[in-house]
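Please read them with the structure open.

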Amino acid sequence: MRASLTKRDASRVKTWQVGLLAVVLALVFGLGHPGASWGSSAYDPTSDPYSMQNVTVGDGAPDWWNAGFTGQGIGVALIDTGVTPVPGLGTPGKVINGPDLSFESQAPSLQYLDTNGHGTFMAGLIAGNEGQTGGYRGVAPDAGIVSLKVAVADGGADVSQVIAAIDWVVQHRNDNGMNIRVINLSYGTNSTQPYIVDPLAYAVEQAQKAGIVVVAAAGNSGYQRGASAQGLADPAYDPEIVAVGAADTMGTATPSDDQVASFSAVAASCSSDCRGPDLLAPGSHMQGLRVPGSYIDQTNPNAAVGDNYFRGSGTSEATAFVSGAVADLLQRYPNLTPDQVKEMLITSCDKLPSTNWKERGCGELDMSKLLSAPVAPDLTAKQYLNRWGVKALSNGTGSLEASRGSDHISMNGVVLRGEQDIFGMPFNSAAIAALEAAGQSWSGGMWDGSSWSGNSWSGSSWSGSSWSGSSWSGSGRSGSSWSTNAWTGSSWSGSSWSGSSWSGSSWSGSSWSSGSWLGASWGR
């Protein structure tokens, strides 16, 4: 989660808008060279200790593949910045587009595409597959990706968009044989609201109850500290779901020298009620799939690795790694409940030296151990108890504004605040929670009283719709004006996507959950 992006003013937005046409052309036409396995600059994954080839070998993923478990038949819902069909994700049927709930949904040339680059990077870690010997492979190379785009090029997204996306997945998880069994949330806010009332936490719990394993990023350093901090990002701080921190493999194949990544959020600095991550997974200096011309590609030119790849660090990346492992596990044992999956994960870890549970949970995921682990008992009836012995499930009746934490979007200088969604519709958390519990928060393309999307499938994508209402700023009465406003007035504090950095080899920067998107950095 390191915040490498800060709140943008209008002039910076306009600078990006000037380059938008180039971005679109790069997204559509500049997707790399499909005939080149590692790019024209002769990138050699065998000599890169942090390549996916070497990291997956070190963690035991090929043991699963050799046993015939590659995530085949498992759908992973990726709620993120969209996915662009770059090499490794371009096979027909590999990526299915759910509704585009982002502001870019109103620009036909941008709909579903990843103008940021974060979502495609995560999709590759989960299920990328170049389909050739020595080519790039995600942890579950035959799993399917169901992409729900909620964010624009700079990462801007409101928590109401994320909740709406989670609710859609729950209601449509079995459409067209998608078999969505995993939700990947490389996202989190720095909410200080307890999860037992938080609307975002409640939404992920409803997904869990529907049999979907929710894997969420723990967040990045400096993101969840202070007297009122909850320890981990929201919703990872909810103990019902799988919270993932990041490890640094230190460039070796053995786990004995692995460390908790310097940016990975821990619970050491908050109260005894805070929980640590459930486990760690590789998340430092990871090799991912690149979207040429995307926002992170343009703003982190040193992060490119050859023509087709990109370097990034963060709890975002670690989360995607675990989502892939869960897809492999569910192919092998399709009847596992989310609680059983979590129990098997946390009993298949390598403990890291000189750390405690608040830093590393059970330790670092060891997929070789997971392969030989016995099936966990069904823990569906397990009740998480807080320190007072009270059942601690969320009721979802808290504040939407509190769920946002410090991350807000704005349009035409008007910041979205308070108990309202992106359309300015009142958000009655208790009423929404009741609809979510009944699996009825979406009705066709309607959510919270507004038309957010179309109401049917069109080929391999969920249909879109033209937004005709006003936004919270009072503007945006047609689809075209929504699209224009999204580019001329948006702002984003950049702390919710949980990547830590994007750079050529490693990172010493601060946060990419990007505030909320939890890739900590891009590049080094």
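1. Two strands are taken to pair if DSSP finds at least two bridges between them. Helices (H or I, at least four residues) and strands (E, at least two) are DSSP runs, numbered from the N terminus. On that basis β4 and β5 run parallel and are joined by four bridges. Within this pairing, Val-182 stands opposite Val-213 in β5.

2. Some ground rules on the source. This is a predicted model, in which local features need pLDDT of at least 70 and side-chain atom pairs count only at pLDDT 80 or more, while totals for chains, interfaces and linings use all residues. Residues are numbered from 1 along each chain as its sequence is written, and side-chain values use heavy atoms, with hydrogens and water left out.

3. Confidence. The pLDDT, which is the predictor's confidence in each residue, from 0 to 100, averages 82 over the protein, and 76% of the residues score at least 70. Residues 28–40 have a pLDDT below 50, and this stretch makes 34 contacts in the model beyond near neighbours in sequence; a contact means heavy atoms within 4.5 Å. The pLDDT is also below 50 over residues 386–390, a stretch with six contacts beyond near neighbours in sequence.

4. Overall make-up. The secondary structure comprises 15 helices and 23 strands. Of the 524 residues, 65% count as buried, where buried means under 20% relative accessible area, exposed over 50%, and partly exposed in between (1.4 Å probe, protein chains only). Taking contacts between residues at least 6 apart in sequence, 75% join residues at least 24 apart.

5. Strand β1. How many residues of strand β1 (residues 75–80) are buried? Six of its six residues are, and the strand is mostly covered. In a regular strand the side chains alternate between the two faces of the sheet. Here Gly-75, Ala-77 and Ile-79 lie on one side, Val-76, Leu-78 and Asp-80 lie on the other, and all are buried.

6. Partners of β1. Six bridges connect β1 with strand β3 (residues 144–149), and the two run parallel; Val-76 stands opposite Ile-145 in β3. With strand β4 (residues 180–185), β1 pairs in the parallel sense over four bridges. In that pairing Leu-78 stands opposite Asn-184 in β4.

7. Strand β5. Five of the five residues of strand β5 (residues 213–217) are buried, so this strand is largely enclosed by the rest of the structure. Both of its faces are covered, with Val-213, Val-215 and Ala-217 on one side and Val-214 and Ala-216 on the other.

8. Nonpolar cores. A nonpolar core is a set of buried Ala, Val, Leu, Ile, Met, Phe, Trp, Tyr and Cys residues joined through side-chain atoms within 4.5 Å. The largest has 65 residues, of which Ile-145, Leu-279, Val-322, Val-326, Leu-345 and Leu-365 touch the most other members. Helix α9 gives the most to this core, with nine residues. Leaving aside neighbours within four places in sequence, Val-326 is in contact with Val-182, Val-213, Val-215, Val-341 and Leu-345. A second, separate core has 57 residues, among them Leu-148, Leu-185, Ala-392 and Trp-442.

9. Glu-317. This residue is in helix α9 (residues 315–332). Glu-317 counts as buried because its relative accessibility is 0%. Its side chain reaches the backbone nitrogen of Ser-313 at 3.4 Å. A polar contact is a pair of N or O atoms within 3.5 Å; within protein, one must be able to donate a hydrogen and the other to accept it, and residues adjacent in sequence count only if both atoms are side-chain atoms.

10. Disulfide. The structure holds one disulfide, defined as a pair of cysteine sulfur atoms within 2.5 Å. Cys-349 is joined to Cys-362, with S to S at 2.0 Å. Cys-349 lies in strand β12 (residues 349–350) and Cys-362 in the loop between α11 (357–360) and β13 (364–365), so the pair ties together parts 13 residues apart in sequence. Cys-349 counts as buried at 10% relative accessibility, and Cys-362 counts as buried at 12%.

11. An open sheet. Three strands form an open sheet in the order β16-β17-β18, with antiparallel pairing. The edges are β16 (442–443) and β18 (450–451), each with a single partner strand, so one side of each has no neighbour in the sheet. Strand β17 (residues 446–447) is joined to β18 by two bridges, and Trp-447 stands opposite Ser-450 in β18.
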